[in-house]
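This briefing covers the ligand site and the nonpolar cores of one protein model. Please read it alongside the structure shown below.

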Amino acid sequence: MNELAGKHIVLGLTGGIACYKAADLCRALVKEGATVQVVMTEAAQQFMTPVTMQALSNRTVYGSQWDPREPNNMPHINLSREADAILIAPCSADFMAKLLHGRADDLLSLMCLARPLQSVPLLIAPAMNREMWAHPATQRNRAQLVSDGATIFDVGNGDQACGETGDGRMLESHELLEEVIAFFQPKTLAGQHVLVTAGPTYEAIDPVRGITNLSSGKMGFSIARAAREAGAVVTLVAGPVSLATPRGVNRVDVRSARDMFQAVQDKVAAATVFIATAAVADWRPAHAADQKIKKDGSGKTPELSFVENPDILAAVAQSTRAQAGDLYCVGFAAESQDLLANAQAKRLRKGVPLLVGNIGPATFGQDDNALLLVDESGTQEMERDSKLSLARKLIANIAIRMKARGQK
Ligand code: C5P
């Protein structure tokens, strides 16, 4: 909450049925602490009334470049100068075409043209029928708007109001909110490719039973989100958890430690940073039964013997690229006691430059955590905070370390 405190956003609505989602988006932006000034085109007002948007934004809505409320009669200048960003959601195909040509015959397009390019970014959430989205003209406009400096969010895929199915829906309000929050984060890892492991692993005993642990995956998912917010390309190898994938993150789902090892090996060649947050099972049953092991009433219990799983982090840290300094490896240690001593010992055993310790039972399943960073020169504490805040701090810290190493 309050991810957008202090931000002033001009929310522009253009003509499209996705205007109904803009009402919820407006509410979500305000809930996160932003102030929102709504500007609507004439067409948008066919889909949503200014009354609704005024009530949700708690500000009167602007629609005309001739609005007499402004003493100088220049709402296009006054409103754009205050903004930290102009967000057009929904942005129709027609409005994209208009922006592309620098047309300015209504308040919203006029404001986009008049905005200071360097200080007021333009964020666009397209919304249209799938044929309109796929049309070469729209795709040409999209590419040109991006090269003119606009940020164009993805479109959603699925059922459309017209009854067709495909690409072109506006993202849902919660997805756009995540994109806007990400937009404002510093791009400390731009150009990097971060590979993250997260969650527990599951080691089968038989087809219906297995061994796992209490890791919720929340810390690793937060790290993946924070890395993507920081501008990295992110791949997340996730054990069995039911968490939503952070926006823009490529997710690979796995079950066992050996699956996770395989997925990491498949993906690590492209990575420049590897962050192992997964609570990988150290051992697995030596033999997983093909069929369910039955209780036969004799009181006899099954004998389980174990074999050790591959140590994913240690193997990656030993790889040629990691050893050559082309891949920065970060390990995690979930301990139940003696965090400092255990984390220091683990850092050396795994052969990684940075090891992040946390107390497992105090954080498993929770939304907050406290971290202890251990490197060759000492330790640094990150006080209890939300996992997302800690993840952002950790990513910023890793970015500084990579810069210091001169890793490209
Ligand atoms: O040895 P331990 O499980 O305590 O080490 C924790 C760190 O090593 C974490 O970063 C974890 O993701 C990683 N690990 C691994 N493969 C294993 C065991 C742990 O990558 N088999």
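A polar contact here is a pair of N or O atoms within 3.5 Å. The model is predicted. In it, a nitrogen atom of the ligand sits 2.8 Å from a polar backbone atom of Pro-310.

**Ligand site**

- Around the ligand there are 13 residues, and the closest are Ala-276, Ala-278, Pro-310, Phe-332 and Lys-346.
- Ala-276 has a polar backbone atom 2.5 Å from an oxygen atom of the ligand.
- For Ile-312, a backbone N or O atom is 3.0 Å from a nitrogen atom of the ligand.
- The ligand taken alone exposes 440 Å², of which the protein buries 89%.

**Largest nonpolar core**

- The largest nonpolar core consists of 34 residues. Leu-189, Val-194, Ile-223, Ile-275 and Ile-398 have the most contacts inside this core.
- At least two residues of this core come from each of the strands E8 (193–198), E11 (233–238), E13 (273–276), E16 (328–335), E17 (354–359) and E18 (368–375). Helices H10 (218–229) and H16 (387–405) also supply at least two residues each.
- H16 contributes the most to this core, with seven residues.
- Ile-398 is in contact with Val-273, Ile-275, Tyr-328, Val-330 and Leu-354, leaving aside its neighbours within four places in sequence.

**Another core**

How values were computed
Residues numbered from 1 in each chain as written. Predicted model: local features only at pLDDT ≥ 70, side-chain atom pairs only at ≥ 80, totals over all residues. Heavy atoms only, no water. Core = buried A, V, L, I, M, F, W, Y, C linked by side-chain atoms within 4.5 Å. Buried < 20%, exposed > 50% of the residue type's maximum accessible area, 1.4 Å probe, protein only. Helix = DSSP H or I, 4+ residues; strand = E, 2+ residues; numbered from the N terminus. Contact = heavy atoms within 4.5 Å. Near = heavy atom within 4 Å. Polar contact = N/O pair within 3.5 Å; in protein donor to acceptor, adjacent residues only side chain to side chain. Areas by Shrake-Rupley, 256 points an atom, 1.4 Å probe, with all protein chains shown as cover.
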